[in-house]
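Subject: Structure handover

Hi,

Here is the structure I promised to pass on. Have a look at it first, and then read on for what turned up.

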Amino acid sequence: MEAYLAAIAAIALIYVLLALGLTLHYGLTGLINFGHVGFFCIGAYAAAILSTKGGMPIAVGFVAAAVLAGLAAWPIGLVSLRLRDDYFAIVTLGFSETVRLVVTSERWLTNGVQGIPGIPRLFEGLGVGMPSALAIVGVLLAVNAAAIWLFFRLVKSPFGRMIEAIRDNEEAVRALGKDPARFKIRVLVLGAALAGIAGAFYAHYIGYVVPDQFIPLVTFYVWMAIIMGGVGRISGAVVGAALLMLFLEGSRFLRDVVPFISAVDMASVRIGAVGLALVLFTMFRPQGLMGDYTRR
Amino acid sequence: MTLTLSSLTRSFGGFRAVDSVSFSVDEGGLVGVIGPNGAGKSTLFSLISGFLAPDSGTVSLFGEDITRLAAHERARRGMVRTFQVPREYAHLTVRENLLAAVPGQSGETLRGLFLRPAAVRAEEQTARARVADAIGFLRLSPVAETPAGRLSGGQKKLLELGRALMTNPKLILLDEPFAGVNPVLVAALSDHIRTLNGRGIGFLIIEHDLPALTRLVSTLHVMDRGRIIASGAPEAVLSAPEVREAYLGGVS
């Protein structure tokens, strides 16, 4: 049971990193990013490839994951920032699917649909089981704390004020002499780099990567998390990711109480449970658990 | 000349929304543009402020051709606009709305934020002092900490003017500042505009509310179907037959 809880905690903390990035993109800046999983995928594969085929230390993989995911966001920013919000959403969705197709097709690098197995686990030296699991959760907590600290500093700064101004009315920002593109590109790169780091943690935690782990559903799980937690709130990203895990994993135990459900049906029931939760949230608490944009 | 428009033209399909418009605004001038609905006033404003590109003609500001400059670059050169329907930052407070308009803040760059925190703090203090002055001047103190989305229509217009002021403008373009504003605030807004004009800030104002505008401006241009049909002192312009024709539909 402890191992199971540690596993849930690790995955939840990875989702918090993703949700923080999306909160920066959408909740604070208003960028409708439907391709968050693309940055996550780049980070995971960067870490996987460098630590297996590349023979590099794990730390190098983490740095590469952040840098490559951030770099991938740069051209998307340049190309799409002239687009209207809805087109930006489509472009990002297309980007993440392109990333998935590239890692599926480029077998020489990614091993195609077979994926990359044998990615070294973090803290293997501590021994398999609880010691290493706790160490991983500890490191993830530290990284999350650092990201949250960074985000609070950003939000309370003049930079944070500007990105929220862009979210509220971009034309007014332009009319008042500031270039929204400058801010949006930086925001995109920062959130993407964080998703890349989340990907590196994921790869080293699960131990293998295959393209199927990076379907758009992951992006929408992150969206569900921030909607349930409250868009535009850092605390909303944290609480939302925790809620998401509660619904995803909690629905696992439904099998013990609900009769006549097979393991196969269960997978659908779990997604249904999250969907139902989302519908209930938008009906009864549209601002999310922690409240939405309005800061006070 | 602060602002000079020459032969500014813009069509939508076959429709000439703005048709060869030329006029200028002197330094510190107080100029109005009136015209019936659909005369092309808002399109003209978008051409001047850089939200639309003209098909032909030029816009120059302090002798520099700015026809091809982006909207934010025009604003940085000292010409800033407001919007007919206020575009406040709804979730930021009035104070934050004004702070966000202060130019040249190094705290708005990531490098400044993390490498020069002391400079950022000092700049923020200066910005806050300026914003406090503007809040006092515009009498927005009671709502200073209110999210701007909750303000009344008139208060939002005041806030738009306040944000424009924070950019240290030489010329402010006001798009229907009196529309949807109660009479008390119209008077207050007019007073503010006069005071600011007295400090040397030029104004170009599009308006429907004729009495309020004619009392305010020294020069009036009348637009009809994309063209300027009359220009001059307000009283003279308003008594011109072609203006009465355009406005009153030929009723004499």
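One cut-off before we start: two residues are in contact if their C-beta atoms, placed from the backbone, lie within 7 Å. Also keep in mind that this is a predicted model.

Let's begin with helix 10 of chain A. This helix covers residues 216-229, 14 residues in total. From its first C-alpha to its last it reaches 20 Å, close to the 20 Å expected at 1.5 Å a residue. Of those 14 residues, 10 are buried, so helix 10 of chain A is largely enclosed by the rest of the structure. The buried ones include A:Thr219, A:Tyr221, A:Trp223 and A:Met228. What do the buried residues of helix 10 of chain A pack against? The partners are helix 1 (2-28), helix 2 (36-51), helix 4 (85-105), helix 11 (234-250) and helix 13 (263-284), again in chain A. After helix 10 of chain A comes A:Gly230, with a positive phi near 120°.

Helix 13 of chain A is also where you'll find A:Ala277. A residue counts as buried if 20 or more other C-beta atoms lie within 10 Å of its own. A:Ala277 has 20 other C-beta atoms within 10 Å, so it is buried. Setting aside neighbours within four places in sequence, A:Ala277 is in contact with A:Met228 and A:Phe247. A:Met228 is one of the buried residues of helix 10 of chain A.

Now for the place where the chains meet. The contact takes 21 residues from chain A and 26 residues from chain B. On the chain A side, helix 7 (158-168) and helix 8 (170-175) are the elements that give two or more residues. Helix 7 of chain A gives the most, with 7 residues. By type, the residues on the side of chain A that touches chain B divide into 8 nonpolar, 4 polar and 9 charged.

Strand 6 of chain B runs parallel to strand 7 (residues 171-175) of chain B, and 3 bridges join them. B:Met79 stands opposite B:Leu171 there.

Elsewhere in chain B, strand 1 (residues 3-12) and strand 4 (residues 56-61) pair in the antiparallel sense over 5 bridges. Strand 4 of chain B is also joined to strand 5 (residues 64-65) of chain B by 2 antiparallel bridges. B:Ser60 stands opposite B:Thr4 and also opposite B:Asp65. Strands 4 and 5 of chain B form a hairpin with 2 residues between them, and B:Phe62 in the turn has a positive phi of about 50°.

Cheers

Technical notes:
Residues are numbered from 1 along each chain as its sequence is written. Chains are lettered from A and ligands numbered from 1 in the order in which they are written. This is a predicted model: local features need pLDDT of at least 70, side-chain atom pairs count only at pLDDT 80 or more; totals for chains, interfaces and linings use all residues. Helices (H or I, at least four residues) and strands (E, at least two) are DSSP runs, numbered from the N terminus. Ala, Val, Leu, Ile, Met, Phe, Trp, Tyr, Cys and Pro count as nonpolar, Asp, Glu, Lys and Arg as charged, and the others, Gly among them, as polar. Two strands pair if DSSP finds at least two bridges between them. The expected span of a helix is 1.5 Å times one less than its number of residues. A residue is buried if 20 or more other C-beta atoms lie within 10 Å of its own, exposed if 12 or fewer, and partly exposed in between; C-beta atoms are placed from the backbone.
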